[in-house]
Amino acid sequence: MVSITGDMSPLHPDRNLALELVRATEAASIRAVPFIGRGDKNAADGAAVNAMRAFLSTVNFDGTIVIGEGEKDDAPMLFNGEKVGNGKGPRCDVAVDPIDGTSLTAAGRQNALSVIAVSDAGTMLDASTVFYMDKLVTGPAGVGVVDIRLPIGENIRRLAKALGKPVDEIVVSVLNRPRHEKLIEDIREAGAGTRLMSDGDVAGGINAARHNARTDMCAGIGGSPEGIVTACAIKALGGHIQGRLWARDDDEKQKGVDSGLKMDGYVYEADELVTGKNTIFVATGVTDGQLVAGVSREGGYVYTESVVLRAASGTLRRISSEHLVSKWL
């Protein structure tokens, strides 16, 4: 399909756009490398933001950031509502996380990613007024089987049956936070194992939904923006995701209500987090992880690994790239 103006730009995000976006996540990851293990997460994030923003300005699309680095006054670059792209391609909602796992990067730990997700304009839920979301993510086996409203033990037993494996072989990813002490206890009491994450629940959700991954489920409260980003990827993987907005106090709850969000335990299904089926998710590793390898350097070359997921085709592609160091000096 082409635009009604007569040019050959597609009306919807396509495979060419997906490959263009990889350049932006690669750039963000490469620029974050000098800050890995240096203890300064803000410096790492700033370098990644600058690089991503510069590359996005060259991409052939008309994007609006729905999930960015914050409101304009708080984040001068890649803020919510900012226009990105050269304005000549499809109109898209855009979610960016130049580094998902800034603390991981600063500490030199695994599973830090640079992430971009896009969908047709007007299809991403804007949950920016409520910072946290309670999420449940599995692979395709969990569709129509698990439900976030059920106790975690029941969901584990249901998923184990659907996967045809013993409960004691089920592994659940959970952010290692004090708020999850009871959740972790319940998972273990059900007979399953846990994989505790210090940060980066986007990678945790995707790994839980991938075929033949080391984890089977991702559960617990993480960032609501990360929930929307994860939903874009899960729709490409054919997996299950549900989310409930989790307000920290009455004031935040009221802000959510005032912005039109459904509170009080309402369960957002995948098609409400991101409506439609035309989503693209791209991620490049900053540090090594289960999903992708981190940036590495050998001689005059920098190596990156990325994944590209497209819901329209139901594909996950891996892209390994070699970059001349001289071009990045």
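Me: Which residue of β13 stands opposite Thr284?
Reply: This is a predicted model: local features need pLDDT of at least 70, side-chain atom pairs count only at pLDDT 80 or more, and totals for chains, interfaces and linings use all residues. Residues are numbered from 1 along each chain as its sequence is written, and side-chain values use heavy atoms, with hydrogens and water left out. Strand β13 covers residues 301-310 and is joined to β11 in the antiparallel sense by five bridges. In β13, the residue opposite Thr284 is Ser306.

Me: How many bridges join β4 to β11?
Reply: Strands (E, at least two residues) and helices (H or I, at least four) are DSSP runs numbered from the N terminus, and two strands pair if DSSP finds at least two bridges between them. β4 spans residues 113-120 and runs antiparallel to β11. Within this pairing, Val118 stands opposite Ile280. The number of bridges between β4 and β11 is seven.

Me: Which residues of β11 are buried on the side that holds Ile280?
Reply: Buried means under 20% relative accessible area, exposed over 50%, and partly exposed in between (1.4 Å probe, protein chains only). In a regular strand the side chains alternate between the two faces of the sheet. One side of β11 has Thr279, Phe281, Ala283 and Gly285, all buried.

Me: What is the volume of the largest pocket?
Reply: On a 1 Å grid over the protein atoms alone, a pocket is an open set of points with protein on both sides within 12 Å along at least five of seven lines, a cavity is a set where a 1.4 Å probe fits but cannot get out, and lining residues have an atom within 4 Å of a point. Grid points are joined across faces, edges and corners, and a volume is the space filled by probe spheres set on the points. For the largest pocket the volume is about 1000 Å³.

Me: How many charged residues are in the lining of the largest pocket?
Reply: The lining has 43 residues, with Gly68, Phe131, Gly223, Pro225 and Glu226 nearest the centre. Elements that give two or more residues to it include α2 (41-56), β3 (91-100) and α7 (224-237). Ala, Val, Leu, Ile, Met, Phe, Trp, Tyr, Cys and Pro count as nonpolar, Asp, Glu, Lys and Arg as charged, and the others, Gly among them, as polar. The lining divides into 12 nonpolar and 13 polar residues, and the charged residues number 18.

Me: Which element gives the most to the lining of the largest cavity?
Reply: The search finds one cavity of 30 Å³ or more, and the volume of the largest is about 90 Å³. Its lining has 13 residues, with Lys135, Asp201, Cys218, Ala219 and Gly220 nearest the centre. β5 (132-138), α6 and β8 each supply at least two lining residues. With five residues, the element that gives the most is β8.

Me: Which residue of β8 is the bridge partner of Ser173?
Reply: An open sheet of six strands with mixed pairing has the order β7-β6-β8-β5-β9-β10. β6 (residues 171-175) pairs with β8 in the parallel sense over two bridges. The partner of Ser173 is Cys218.

Me: At what distance does the side chain of Asp216 reach the backbone nitrogen of Val171?
Reply: Asp216 lies in the loop between α6 and β8 and, at 10% relative accessibility, counts as buried. A polar contact is a pair of N or O atoms within 3.5 Å; within protein, one must be able to donate a hydrogen and the other to accept it, and residues adjacent in sequence count only if both atoms are side-chain atoms. The side chain of Asp216 makes such a contact with the side chain of Lys165 at 3.0 Å. For the backbone nitrogen of Val171, the distance is 2.8 Å.

Me: What is the phi of Asn212?
Reply: Most residues other than glycine have a negative phi. Asn212 is found in the loop between α6 and β8 and is exposed, with a relative accessible area of 66%. Although Asn212 is not a glycine, its phi is positive, at about 60°.
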